[in-house]
Amino acid sequence: MPTYADIILPLALPKRSYTYSVPESALSLIQVGVRVEVQFGKSKLYSGLVEKVHNTAPEYPVKPIVSVLDEVTVVTPQQLQLWNWISEYYCCTMGEVMTAALPGHLKLSSETKLVRNEQYGDNFSTFDDDEYLLAEALLIQQEITVEDARKILNKKTVFPVVQRLLNKGVVFIREDLQEKFQSKKTSAVRLAAHLRNHPDALKAVFEEVQSKERQLEVLMAFLVLDKQKPFVRKSELLHKADVTEATLKTLVKKNILELYDKEVSRLGGYEDELAELDTLTADQEKALAEIRKSFSEQDVTLLYGVTGSGKTRVYVELMREIIQNGGQVLYLLPEIALTTQIIQRLQKLFGAEIAVYHSKINNNERVEVWKSAYAGKSVILAARSGLFLPFKNLKLVVVDEEHDPSFKQYDPAPRYHARDTAVFLAKIYGAKVLLGTATPSLETWHNTQAGKFGLATMKARFGGLELPTISVVDLRQQLKTRQMQSVFSTPLMEKLQETLANNEQAILFQNRRGYAPMLACEVCNWNAMCKHCDVSLTFHKQTNRLRCHYCGYTENPVVVCPACGSGKITLKGFGTEKIEDELKIFLPNARIARMDMDTAGTKSNLVALLNDFEERRIDILVGTQMVTKGLDFENVGFVGVLGADALTKFPDFRAGERAFQLMTQVAGRAGRKNKQGQVMIQAFDPQHPVVQEVLQNNFEGFINRELLERKEFKYPPFYRLIHLELRHKNPQTVNAAAALFAKLLREKLGERVLGPVIPNIAKIRGYFGQDIMLKLEKSAPLLGHTKALLKHTSEIVTGKPGFSQVIVSIDVDPI
């Protein structure tokens with residue numbers, strides 16, 4: 001009896017899988033979860049995944065499988081179960097889920113580009129003939145496609161050869177050549193070169209500093225630490241000798257000691273000694289007891305603890321228990337790149353038991369983490385992509401900062417939310433989920449109040465520290481009395497000066513990068529717009545260019561208005577770059593740095609920036625929402641929020657929630673270790689309810705008011721939203737397609753269909769858009785019916801003449 005296999009292809013295809021016949025030569029190798037090489041279309045070859053093996057012949061003629069690429073399964077049944085749920089819940093294809101889930105080296109196609117790994121060298125003596133030919137070709141050409149490889153070998157099937165070269169590390173896949181996760185650099189101290197080479201000369205050095213008590217203490221402390229540690233950190237030396245940096249600098253000037261940047265690996269084995277766990281406080285013990293009690297009744301628990309309450313220590317205690325019992329922990333963070341401190345802290349506690357996984361690590365590292373997760377690695381620290389790893393014995397999923405919008409995938413599909421997907425993943429493995437945050441999302445809080453999730457609270461800061469004092473400055477009053485200094489109010493500037501005088505650091509938050517968001521003409525009101533998007537171009541002073549933050553288009557700024565010929569061209573608004581620039585004028589002696597996507601877009605830049613701030617080489621850090629995430633600096637005495645109105649008045653039903661979360665989180669950076677911090681918010685509308693609630697640290701007042709509004713206007717968590725976006729290069733085409741789409745939906749769903757409307761930004765990257773929003777009651781049958789209707793309607797609309805190129809994007813539970 002013939003054998004058939006249903007294959008998932010890494011393409012956005014309407015069918016979840018396609019049936020192929022299994023040739024006799026492959027019968028012993030074929031099984032669910034292995035990859036196979038198949039032809040799709042006239043000539044394209046892809047590596048697909050076997051979803052099912054059966055004997056039922058389809059009604060159409062089938063093509064045979066070309067080759068089997070794996071001897072063992074690369075995807076587990078639990079992973080396939082998760083893929084299936086994501087595909088059905090988020091209205092996307094299995095191919096799209098497969099593309100998101102698998103590392104690049106497991107997704108081969110005819111167009112895949114192979115790049116030579118220069119580190120490998122040119123010794124191919126152990127290779128077979130096919131491997132040798134391809135390796136030689138790459139030595140000459142540096143980069144070839146899989147299609148080129150097929151021509152070089154004169155064979156139809158080359159995937160197995162390519163796979164062997166990938167496994168040997170001879171080649172990379174082009175999409176995997178992303179920036180490698182950079183190691184952290186820390187400021188370290190060592191003996192000057194002449195003393196390292198001639199230790200006998202130390203005797204003369206001791207005689208030289210004998211009368212200098214402070215310098216002698218530093219030197220003695222250094223020698224003690226040098227014997228105990230692999231290298232001596234500057235911060236540890238200063239702490240042990242109990243001296244200021246000036247004394248150390250004197251020894252550096254005398255050419256006795258020298259400073260250097262030491263790389264501390266984040267990925268390989270942990271080099272340092274493991275730290276001992278701190279004793280749990282009474283508040284942490286209480287929270288742990290609440291979590292354990294909740295886990296005995298519920299699968300999901302929220303740990304709601306104010307900023308600086310020591311939530312990480314509670315996570316660590318639970319993780320340690322799981323590890324001791326042979327289980328695995330998945331620790332999800334919104335953005336791995338921005339949470340270097342937490343990575344460090346956990347590595348100090350768990351050492352080599354931790355693996356880090358996210359989209360920016362390279363192919364080899366990703367393969368290692370993939371294999372280690374399958375082998376039972378104790379702790380996987382990951383961004384949202386960590387959900388797709390193959391686990392052996394998953395027992396706990398920690399979702400830290402569960403409220404963070406970065407947990408939601410926007411483009412491309414699948415548009416999944418990592419928090420909600422983590423709950424389903426844990427259900428597959430019989431694991432528990434712990435959500436942690438100081439500012440819970442309304443959906444999560446509502447679930448705790450409805451009894452779906454458990455709740456544990458930590459209402460006091462660690463070590464009995466008080467929460468920061470928060471004040472607000474009325475910008476209308478400041479302008480009226482002419483007290484503004486550029487974009488800074490007088491009270492804010494005074495606070496900055498006071499902070500610097502106290503040798504403390506400050507953080508200034510403005511959620512807009514660039515120098516100015518608009519270049520406009522004062523005479524005719526013309527402003528510089530992007531050619532491809534319906535947005536104004538942002539001026540970046542550092543590069544003296546206007547840039548679109550949506551498509552990346554750039555152009556030079558004009559000095560004469562192209563509309564009316566006037567020379568009165570002015571910059572309007574302010575971003576982080578302007579704040580940094582103006583601060584340097586008002587505070588010329590302060591060391592000022594900026595943290596946004598322009599200065600911290602790469603891991604190495606970000607790590608260097610955070611390290612400089614931690615080592616107190618920066619006095620004032622100006623940043624976008626990057627500064628709200630995972631930062632814990634003991635010397636920050638003051639935090640300023642410069643543009644609260646842009647947050648509270650944004651046209652979105654979640655604007656109030658986001659504003660409260662961002663301002664509370666950024667405020668939480670102040671006074672985290674030694675004393676109570678201070679926070680100042682600048683606003684044109686200081687009486688806005690959200691500003692007042694942040695001012696009073698009134699989370700319950702905020703959440704109760706917000707929930708009442710959501711209920712009245714039919715928004716989550718009381719109703720479910722599905723957002724549809726239709727795009728096309730012609731505005732008339734997309735308008736007609738959206739009108740038809742909405743009409744067909746309204747016939748079945750009635751008033752639950754809102755739109756179509758032109759989105760806030762009508763055109764992005766040359767495509768015009770139309771939005772349709774569905775507001776559905778909380779009902780599983782209604783949701784299932786609606787998703788089936790959306791799929792059917794999408795096929796009808798795109799099947800109409802003239803609408804075949806219309807792109808339809810479906811976003812379930814948009815945020």
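What does the accessible surface of the protein chain come to, and what percentage of it belongs to carbon and sulfur atoms? The surface is about 36300 Å², and 50% of it belongs to carbon and sulfur atoms. Areas here come from the Shrake-Rupley method with a 1.4 Å probe, and for residues only the protein chains shown count as cover.

Some ground rules. This is a predicted model, in which local features need pLDDT of at least 70 and side-chain atom pairs count only at pLDDT 80 or more, while totals for chains, interfaces and linings use all residues. Residues are numbered from 1 along each chain as its sequence is written, and side-chain values use heavy atoms, with hydrogens and water left out.

Now the overall picture. Along its principal axes the C-alpha trace spans about 95 × 70 × 65 Å. The protein chain has 26 helices and 34 strands; these are DSSP runs, helices being H or I of at least four residues and strands E of at least two, numbered from the N terminus.

Of the 815 residues, 54% count as buried. Buried means under 20% relative accessible area, exposed over 50%, and partly exposed in between, with a 1.4 Å probe and protein chains only.

On to salt bridges, meaning a side-chain nitrogen of Lys or Arg within 4 Å of a carboxyl oxygen of Asp or Glu. How many are there by this rule? The count is 44.

Take Glu37 and Arg150, whose side chains meet at 4.0 Å, N to O. Glu37 sits in strand E3 (residues 35–40) and Arg150 in helix H4 (residues 146–153), so this pair ties together parts 113 residues apart in sequence. Both residues are buried.

A second pair is Glu258 with Arg196, at 3.2 Å, N to O. Glu258 is in strand E11 (residues 257–264) and Arg196 in helix H6 (residues 193–197), 62 residues apart. Arg196 counts as partly exposed because its relative accessibility is 39%.

Glu317 and Arg320 also form a salt bridge, at 3.1 Å between the closest N and O atoms. They are three residues apart in helix H12 (residues 311–324), so about one helical turn separates them. Glu317 is buried at 10% relative accessibility, whereas Arg320 is partly exposed at 33%.

Last, a network of salt bridges links Glu443, Arg654, Glu657, Glu693, Arg705, Glu706, Glu709 and Arg710.
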